[in-house]
Amino acid sequence: MAQLTRFGQVIKKLRDSSGYTSRRSFAIDCGLSAETIRNYESGKALPSNQALMQMLKVLELELSSNEAREVIASLHEARRSRAVGNKRSYGAAANLELSKYLSDSNVSEEKIEALISLFLEYINPDRQSDSFMYFLRQKITKILE
C-alpha cells in the first residue's frame with residue numbers, strides 16, 4: 001500500500017502551478033511515463049536522482065531556488081522514512097551523500113570531487129570524458145556556492 005509523502009504532494013503542487021494539469025504531458029516532457037509520475041505523486045515510488053534532476057529541469061527550477069530545495073529535502077525525507085526492504089541500495093547511498101550537502105554549506109574540493117563521483121556512479125558511470133568532467137565540476141561548484 002502506498003504511503004502519501006510530502007515529496008509527492010510537493011511535486012504535484014509544483015506540476016499544477018507550472019501549468020501541467022495533465023500528468024501525461026509532464027511525464028512526456030520529463031521522458032517518463034504518466035504511471036511513473038502517478039507513482040511518485042502517490043508515494044508508491046521515489047525517483048532516482050537523474051529523474052529528479054529532469055523533473056526540476058522541466059519545471060524550470062534552479063537548484064538554488066527555495067522550491068527546488070523543498071523538493072530535494074522532501075525526497076530526502078521520503079527516502080529516509082521508507083522501510084529498509086523498499087530501498088534500493090543505490091538510492092540509499094545517494095541519499096546519504098545528498099544529506100551531507102543539504103546540511104553543510106562549506107564548499108571544498110573534496111566535496112566537489114565527492115559529488116562528481118556520486119553523479120558519475122549513479123547517473124551515468126560511462127560519461128567520464130575530460131570535457132564532461134570539466135562541465136560537471138563547474139556546475140557542482142556553482143550549485144554549492
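Throughout this tour, a residue counts as buried when its relative accessible area is under 20%, as exposed when it is over 50%, and as partly exposed in between, with a 1.4 Å probe and protein chains only. The model is predicted, so local features need pLDDT of at least 70 and side-chain atom pairs count only at pLDDT 80 or more, whereas totals for chains, interfaces and linings use all residues. Residues are numbered from 1 along each chain as its sequence is written, and side-chain values use heavy atoms, with hydrogens and water left out.

Begin by selecting helix α5, residues 66-81; helices here are DSSP runs of H or I with at least four residues, strands are runs of E with at least two, and both are numbered from the N terminus. The expected span of a helix is 1.5 Å times one less than its number of residues, and for the 16 residues of α5 this gives 22 Å, which agrees with the 22 Å between its end C-alpha atoms. Colour Ala68, Val71, Ile72, Ser74, Leu75, His76, Ala78 and Arg79, which are the buried residues in α5.

Next, select Val10, which lies in helix α1 (residues 6-17) and is buried at a relative accessible area of 5%. Leaving aside residues up to four places away in sequence, Val10 touches Glu70, Val71 and Ser74, where contact means heavy atoms within 4.5 Å.

Now move to helix α2 (residues 23-30) and helix α3 (residues 34-42), which pack at an angle of about 105° with their axes 8 Å apart. The axes are lines fitted to C-alpha atoms, for helices over the stretch in contact, and angles run from 0 to 180 degrees between N-to-C directions. Because angles of 65 to 115 degrees count as roughly perpendicular, under 35 as roughly parallel, over 145 as roughly antiparallel and the rest as oblique, α2 and α3 are roughly perpendicular to each other. To see the contact itself, show Arg23, Arg24, Phe26 and Ala27 of α2 together with Ala34, Ile37, Arg38 and Glu41 of α3.

Stay on α3 and select its buried residues, Ile37, Asn39, Tyr40 and Glu41, which pack against α1, α2 and α4 (49-58). Asn39 counts as buried at 16% relative accessibility, and, residues up to four places away in sequence again left out, Asn39 touches Lys44 and Ala45.
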